Amino acid sequence: MNEKPRQSLTPPDGQKKVLLHSCCAPCSGEVMEAMIASGIDYTIFFYTPNIHPEREYLLRKDENIRFADKHGVPFVDADYDKDDWFARAKGMEWEPERGVRCTMCFDMRFERTALYAHEHDFPVMTSSLGISRWKNMAQINECGQRAVSPYDGLSYWDFNWRKGGGSARMIEISKQERFYQQEYCGCAYSLRDTNAHRRSQGRPAIELGKLYYGTNDDAS
Ligand code: SF4
């Protein structure tokens, strides 16, 4: 557990039970420790059918399971609906990151998270996605609010996990835990576009499973 002081967090309406949609261990590590420090009873919901290829999906999932086990946090391993994800992304293959494809991607993941929260009596759901500085937090929060809107008694907690040193602790925890360090957002199109960018800079293509925080000079 990271020992730096943290603010005490209170989920919406003073609730203490939360379903945490997790995208990966590096993003959720700080969110998890922050909630533990505030005595919040939470469960991780891992639903990331966007991740491609499956090897990368399993790398990210296994890291998250390892850290959940370390803290004794319940972990729900949801379906890898990759065919459904690709079907929904049809026509959006060339959209830039933070565009409409990403809205679809967040909506899909959050819809499933909200349904699970509703069916299992969680009054609050939130996500680790917004802690990444690469993401548009307003876009994520809009998707979160849309996902909970069909359900009375379910709130989306739009807490800014980057605040109060959260971003720095996210990196610190990732290094301490030697988490797998993914080098692209997750989908096949982000892998393609990231590799194209790297090629334009004379850098080699991404090698899956190669980088781990705290073990490489450029791991930050
Ligand atoms: S770039 Fe990331 S958020 Fe956007 S569609 Fe791909 S995996 Fe989803």
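Arginine 169 counts as buried in this predicted model, because 22 C-beta neighbours lie inside 10 Å, where 20 or more are required. The place of arginine 169 is in helix H6, which covers residues 166-177. Although arginine 169 and arginine 6 are 163 residues apart in sequence, they are 10 Å apart in space, taken from C-alpha to C-alpha.

From here the reader can turn to the strands. Strand E1 (17-22) and strand E2 (41-46) pair in the parallel sense over six bridges, and within this pairing leucine 20 stands opposite isoleucine 44 in E2. To get from E1 to E2 the chain passes through H1, and the β-α-β crossover made in this way is right-handed. E2 also pairs with strand E3, residues 75-77, again in the parallel sense, over three bridges; here the bridge partner of phenylalanine 45 is valine 76 in E3. A right-handed β-α-β unit is made by E2, H2 and E3. In a regular strand, the side chains alternate between the two faces of the sheet.

The next stop is the ligand. The residues around the ligand are Asn50, Glu97, Arg101, Cys102, Cys105, Cys185, Gly186, Cys187, Tyr189 and Ser190. Sorted by class, the shell around the ligand holds five nonpolar, three polar and two charged residues.

Several cysteines deserve a separate look. The unreviewed UniProt entry places the feature "binding site" at Cys23, Cys24, Cys102 and Cys105, while the shell around the ligand in this model includes Cys102 and Cys105. Cysteine 105 has its place in helix H4, and cysteine 105 is buried because 23 other C-beta atoms lie within 10 Å. If residues up to four places away in sequence are not counted, cysteine 105 touches Asn50 and Cys187, and both of these residues are listed around the ligand. Cysteine 24 lies in the loop between strand E1 and helix H1 (25-37), and since 24 C-beta neighbours are found inside 10 Å, cysteine 24 also counts as buried. Leaving aside its neighbours within four places in sequence, cysteine 24 is in contact with Arg60, Glu63, Asn64 and Gln182.

Some details of the backbone remain. Most residues other than glycine have a negative phi, and most peptide bonds are trans. The peptide bond from histidine 52 to proline 53, however, is cis, with omega near -5 degrees, and proline 53 is found in the loop between strand E2 and helix H2 (54-71). Arginine 98, a residue other than glycine, has a positive phi near 80 degrees. The place of arginine 98 is in the loop between helix H3 (82-88) and H4, and with 13 C-beta neighbours inside 10 Å arginine 98 counts as partly exposed. Aspartate 121 likewise has a positive phi, near 60 degrees, and lies in the loop between H4 and strand E4 (124-127). Aspartate 121 is exposed because 10 other C-beta atoms lie within 10 Å, and a residue with 12 or fewer is placed in that class.

Note on methods:
Residues are numbered from 1 along each chain as its sequence is written. This is a predicted model: local features need pLDDT of at least 70, side-chain atom pairs count only at pLDDT 80 or more; totals for chains, interfaces and linings use all residues. Helices (H or I, at least four residues) and strands (E, at least two) are DSSP runs, numbered from the N terminus. A residue is near a molecule or strand if its C-beta atom, placed from the backbone, lies within 6 Å of it. Ala, Val, Leu, Ile, Met, Phe, Trp, Tyr, Cys and Pro count as nonpolar, Asp, Glu, Lys and Arg as charged, and the others, Gly among them, as polar. UniProt positions are given in the numbering used here, feature names are shortened, and annotations may be inferred rather than shown by experiment. Two residues are in contact if their C-beta atoms, placed from the backbone, lie within 7 Å. Two strands pair if DSSP finds at least two bridges between them. A crossover is right-handed if, with the strands pointing away from the viewer, the path from the first strand over the helix to the second runs clockwise.
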